[in-house]
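Subject: Structure handover

Hi,

Here is the structure you asked for. Please open it first, then read my notes below with the model on screen.

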Amino acid sequence: GRGADPLELPVRFRTGVGPARAAALARLGIATTRDLLLHLPRDWREPDAACPLASLRGGQRAEVRGTVRDVRVFRRGGRVVVTARLEDGTGVLDLAWFHQPWLRDRLQAPGRWVVRGRALASGRRMRMVHPALFPESSAPPPEGRHRPVPVYPATAGLPEPVVRRLVAGALHLADRLPEWMPEGILRAHRLLPLTEALRAPP
């Protein structure tokens with residue numbers, strides 16, 4: 001209603017949150033927009049660096065680009081697995097996703113793809129499991145660019161990148177949060193006010 005506090009808006013009414021995601025957020029203790037804003041990162045990481053497949057190393061987070069080949073769908077232990085290969089002229093990257101059979105049709109589209117995730121060494125090849133995937137013509141800019149990227153606690157049915165997007169979508173309301181710390185303590189210890197700290201990388 002008129003004058004309602006937007007911080008108390010049930011999170012299920014926020015853009016991008018339906019009943020299933022609301023239930024997953026509840027498992028994280030998030031019921032309102034205020035809870036979402038105060039769901040703090042558990043870590044920070046460097047943004048994904050663009051590189052050719054030939055220079056990819058195990059454990060590295062990276063953005064790679066190329067053509068998708070050999071898309072397959074099969075079942076393994078009751079799980080639906082989609083696999084594919086990404087080629088860029090310098091090397092090959094094996095890709096895998098679980099429980100996303102619709103990806104087979106999406107990956108049949110012609111054109112080049114942008115893949116972002118963590119590379120894992122698999123024999124002489126590299127692979128990524130559940131990487132983010134975008135058509136090269138419409139890929140969003142890498143998260144963070146030259147800034148650290150927050151890593152949030154996640155739960156089943158709610159991948160960490162989705163949590164990050166939902167928190168980012170609420171940050172414009174951070175100025176409505178009351179400051180907890182007395183101003184004298186903030187000054188004495190050179191601490192950021194709460195609303196600034198929520199937006200600032202370490």
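Start at Arg 34, which is partly exposed, with a relative accessible area of 23%. Keep in mind that this is a predicted model.

Salt bridges

Side chains of opposite charge can pair when their charged atoms come close. The structure holds 14 salt bridges. Arg 34 takes part in one of them, with the side chain of Glu 8, at 2.7 Å from N to O. Where do the two partners sit? Glu 8 lies in the segment before helix H1 (19–27), and Arg 34 lies in helix H2 (residues 33–37). The pair therefore ties together parts that are 26 residues apart in sequence. Glu 8 is partly exposed, at 37% relative accessible area.

Now go to Glu 63. Is Glu 63 buried or exposed? Glu 63 counts as buried, because its relative accessibility is 4% and the limit for buried is under 20%. Glu 63 has a salt bridge to Arg 65, with the closest N and O atoms 3.2 Å apart. Arg 65 counts as partly exposed, at 31% relative accessibility.

Glu 63 also forms a salt bridge with Arg 116. Here the closest N and O atoms are 2.7 Å apart. Arg 116 is in strand S6 (residues 112–118) and Glu 63 is in strand S3, so this pair ties together parts that are 53 residues apart in sequence. Both Arg 116 and Glu 63 are buried. Which residues belong to the network around this pair? Salt bridges with shared partners join Glu 63, Arg 65, Arg 112, Arg 116 and Glu 136 into one network.

Backbone angles

Look at Asp 70 next. This residue is not a glycine, yet its phi is positive, at about 55°. Asp 70 is in strand S3 (residues 61–76). Its relative accessible area is 34%, so Asp 70 is partly exposed.

His 99 also has a positive phi, near 60°, and is a residue other than glycine. Find His 99 in the loop between strand S5 (92–98) and helix H3 (103–107).

Then turn to the second largest pocket. Its volume is about 190 Å³. There are 14 residues in the lining, and the closest to the pocket centre are Pro 41, Trp 44, Ala 197, Leu 198 and Ala 200. What kinds of residue make up the lining of the second largest pocket? The lining has 13 nonpolar residues, one polar residue and no charged ones.

A surface patch

Met 181, Ile 185 and Leu 191 make a nonpolar surface patch of about 240 Å². Ile 185 has its place in helix H5 (residues 183–188). With a relative accessible area of 36%, Ile 185 is partly exposed.

A loop residue

Last stop: Pro 148. You will find Pro 148 in the loop between strand S9 (132–135) and strand S10 (149–151). Pro 148 counts as partly exposed, at 23% relative accessibility. Compare its place with that of Arg 199. Pro 148 and Arg 199 are 51 residues apart along the chain, and their C-alpha atoms are separated by 12 Å.

Best wishes

Technical notes. Residues are numbered from 1 along each chain as its sequence is written. This is a predicted model: local features need pLDDT of at least 70, side-chain atom pairs count only at pLDDT 80 or more; totals for chains, interfaces and linings use all residues. Side-chain values use heavy atoms; hydrogens and water are left out. On a 1 Å grid over the protein atoms alone, a cavity is a set of points where a 1.4 Å probe fits but cannot get out, and a pocket is an open set with protein on both sides within 12 Å along at least five of seven lines; lining residues have an atom within 4 Å of a point. Grid points are joined across faces, edges and corners, and a volume is the space filled by probe spheres set on the points. Ala, Val, Leu, Ile, Met, Phe, Trp, Tyr, Cys and Pro count as nonpolar, Asp, Glu, Lys and Arg as charged, and the others, Gly among them, as polar. Patches are made of residues with over 30% relative accessible area and no salt bridge: like charges are joined within 9 Å, nonpolar side chains (Val, Leu, Ile, Met, Phe, Trp, Tyr) within 5 Å. Accessible areas come from the Shrake-Rupley method with a 1.4 Å probe; for residues, only the protein chains shown count as cover. A salt bridge is a side-chain nitrogen of Lys or Arg within 4 Å of a carboxyl oxygen of Asp or Glu. Helices (H or I, at least four residues) and strands (E, at least two) are DSSP runs, numbered from the N terminus. Buried means under 20% relative accessible area, exposed over 50%, partly exposed in between (1.4 Å probe, protein chains only).
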